[in-house]
Amino acid sequence: MATIIYLSPTDEIPAERHVAVIVHRGFGGMELGYFFDSAKGDTGGSAGCDWRMSEAIERATRFAKEQNIDKVVVRAACG
């Protein structure tokens, strides 16, 4: 099972491979997010197709398990 790590805006991003969940406020203030494998880089998500934050974390955790990745890192979008 993957460990979920919540980062503050000042925390450094882990150097080791992880699944990153990027969260942001969407239309109406809803917390939305997308995820990616850190080894493959951030492609930016697709705004209108982002999931609710809880679903993004759930999907990221499932992906991490399938890919044998130990960490899921949740952080706020920059800017």
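1. In this predicted model, residues 24 or more positions apart account for 52% of the contacts in the protein with a separation of 6 or more, where a contact means heavy atoms within 4.5 Å. Because the model is predicted, local features need pLDDT of at least 70 and side-chain atom pairs count only at pLDDT 80 or more, while totals for chains, interfaces and linings use all residues. Residues are numbered from 1 along each chain as its sequence is written, and side-chain values use heavy atoms, with hydrogens and water left out.

2. The protein has 1 helix and 5 strands, and from the N terminus on these elements run β-β-β-β-α-β; helices (H or I, at least four residues) and strands (E, at least two) are DSSP runs, numbered from the N terminus.

3. The structure holds 3 aromatic pairs, a pair being two rings of Phe, Tyr or Trp (its six-membered ring) with centres within 6.5 Å, stacked if the planes are under 30 degrees apart, edge-to-face if over 60 and tilted otherwise. The rings of Phe35 and Trp51 have centres 5.6 Å apart and planes at 25 degrees, so this pair is stacked; it links strand β3 (residues 31–37) to strand β4 (residues 51–52), with the two residues 16 apart.

4. The rings of Phe35 and Phe63 also have centres 5.6 Å apart, but with their planes at 50 degrees, so this pair is tilted. Phe63 lies in helix α1 (residues 53–67) and Phe35 in strand β3, so the pair ties together parts 28 residues apart in sequence.

5. Of the 79 residues, 33% count as buried (under 20% relative accessible area, with exposed over 50% and partly exposed in between, for a 1.4 Å probe and protein chains only). Trp51 is partly exposed at 26%, and Phe63 is partly exposed at 22%.
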